[in-house]
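Please look over the model shown here, together with its sequence, before reading the report on it.

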Amino acid sequence: MEAVEKRIIKTAKKPRNVSRSKRAGDIAAYVLLALGSVLMLVPLLWMLGASLQPSFSHLLVSPFYPSGEWRWLNYVDIFTNAYISLPKAFGLSVLVAVPAVLVGSYISALTAFAFGKLHFRFKNIIFLLLLGVLMIPYPAIMLPLYNLYAKFGWIGTPLPLIIPKMFGNVAMVFFLKQYLQNVSDSVIDSAKIDGCGYFRIYNSIILPLIVPALAAQVILWFMGVWNEYLPAYMYDVQTLPIVVAKYNSDVAMRNEIPKVMAASVVSLIPVLAVFAFFQRGIIESVILSGVKE
Amino acid sequence: MNRRLHSKERISAYLFILPAVLGVLIFYFYPLLISLFASFRMWSGLEGVFEAPFNGVTNYVSVLKDPYFGQAVVNTLFTMIGIPIGITLSLLLAMLLNRGLKGTNAFRVIYYVPVVCGIVGVTLMWQNFLAPNGPFNKFLAFFGYEGMDWLAHRVWAKVAIVVMCVWKGLGYSTLLYIAGLQGIPRSYYEAAKLDGASGFRLFFHITVPLIKPVTFFLFVTGIISGAQLFTEAQLILPAASRNQNFVKTVVLYLYEQFGWGYVGYASAVAWLLALVVFAVTGLQFAIEGRKKD
């Protein structure tokens, strides 16, 4: 009896205690999250500040923020400086990323449609073959690829970064195939009765239906391709990351550091802009693919 | 009639998957096989693979005997200490972000910013951030500590890579943990709390075991991508003082051998790497398969 009474008192007391300790916990959580955010952003903000300094010696003056002089001309400089040819590299990066990702995504979705909704023999075996690609580390295939592309006369051209991607992206096929499970077969069946061919079913029914999932995947892939370094380095394609890295190793004098930082900022701006614009969709998509994993 | 419809479906399906299958064969399986053959030959990369003289397992033996390769393996393994650190931090972060606090979305965005940033820009930024006169040393000096040239030091240069990788990857693993945490039924915690379990015990007896699939996934993908570390190690050291041996990873070593024209030898390195990745992936499948039974 006494025990029960105690328990009742305990549970009755609980709400106030819980809410008080929860509030303390919330405050602690805010403090930790804010501290962490500072650690996340300070290096990037420092880079932005450093990119606006007149010279390296200005970076040395005071602890964090060097001087009050902001030299926006650094950005004009790196875009007009023939030494780094930033506009050309920027154009090349766009030329690589946009067609490769658009065509590759279209093909990936088409592949996912076939695997997710159509019936054919050896489907599972072929699908496993495709998935096998996800295991292959890139360094294990890049040497023969170099030879293959050399035979095609592709070294030094953007083609090695564009053409292979146009054949589709296996990770995307996998994700979209899962997503297609939510699309009911009846949509497809009724289109079939109306005499639609499968290619038309894909273009006019499936593609519009999966656009939300597809869009996030396209954006994530675009950001990945934009930042791609090793293949571009390997096949000598002067994309933005390559040119910026080369600029850094070429400037022997530390005085150029602010301009190197400016070039780095320029290389980050497109992905940061895309992220700022689509952040909600990107984060939801990563969480979603995490759940599926 | 029915049969004709089915064959039409089959033909369409094969056509739809054709590009992806071709792409996988040409750009993944073909080079993987070629590098396997090349690893048993003295291949300079200039002649055809099969014209190069066969030399059995000589390449593998000399790779394994080369102390520089051993150093590269040690360096690569060293950078992997970032994996458990990143996993621990991101689980804590995910728990802070899963309390339903106001502003959670803003924090998720902030922590994800380094993830989308290009590796080249980020590495150049860290290189300058950690420079002898850089802001990090200024920060230490502010508190009376004397910094040093971190990137010129055998161990600290590697630690710098670890810190950078953790910083860059935190947002991604945190999102996966958030997804995992949202999958744990709230009632488990409520039931345990009624039984008087402390927050500490809730964490170790409910959260940690139930979140294990995410942890496992992060470990495996961390090892696989960690084994292939390249860009960070190549670009972290300033051009002037590049004693790369401190940070030379397995893939950097491979690339160096390729550059010297020892392509057969480099292919042996590539296949050793591939075998490690296959083994880790195989282990993952085995463990996951056992769990499902």
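For chain B the pLDDT averages 91, with 96% of the residues scoring at least 70. Where pLDDT is low, the predicted coordinates should not be read in detail.

Chain A contains 12 helices and 0 strands, which, read along the sequence, gives the pattern α-α-α-α-α-α-α-α-α-α-α-α. Of the 293 residues in chain A, 41% are buried. When contacts in chain A between residues at least 6 apart in sequence are considered, 78% of them join residues at least 24 apart.

The largest nonpolar core has 165 residues, and the members that touch the most others are Leu176(A), Ile236(B) and Val269(B). Helix 9 of chain A (residues 198-227) supplies the largest share of this core, namely 15 residues. Leaving aside residues up to four places away in sequence, Leu176(A) touches Ser108(A), Ala109(A), Ala112(A), Ile210(A), Ala213(A) and Leu214(A).

Helix 3 of chain B, residues 67-79, has 13 residues, which at 1.5 Å a residue should span 18 Å, and this agrees with the 18 Å between its end C-alpha atoms. Its buried residues are Phe69(B), Ala72(B), Asn75(B), Thr76(B) and Thr79(B). Seen down the axis of helix 3 of chain B, these buried residues fall within an arc of 120 degrees, so they line one face of the helix. On the other side of this helix, Pro67(B), Gly70(B) and Val74(B) are exposed. The table lists helices of chain B that are included in what covers the buried residues of helix 3.

| Covering helix of chain B | Residues |
|---|---|
| Helix 2 | 58-65 |
| Helix 4 | 82-97 |
| Helix 8 | 156-182 |
| Helix 11 | 212-227 |
| Helix 13 | 250-259 |

Arg10(B) counts as partly exposed because it has 15 C-beta neighbours inside 10 Å, whereas a buried residue would need 20 or more and an exposed one 12 or fewer. Between Arg10(B) and Cys165(B) there are 46 Å in space, C-alpha to C-alpha, and the two residues are 155 residues apart in sequence.

Terms used:
Residues numbered from 1 in each chain as written. Chains lettered and ligands numbered in written order. Predicted model: local features only at pLDDT ≥ 70, side-chain atom pairs only at ≥ 80, totals over all residues. Helix = DSSP H or I, 4+ residues; strand = E, 2+ residues; numbered from the N terminus. Expected span 1.5 Å × (residues − 1). Arc of directions from axis to C-beta. Contact = placed C-beta atoms within 7 Å. pLDDT = per-residue confidence, 0-100. Core = buried A, V, L, I, M, F, W, Y, C linked by C-beta atoms within 7 Å.
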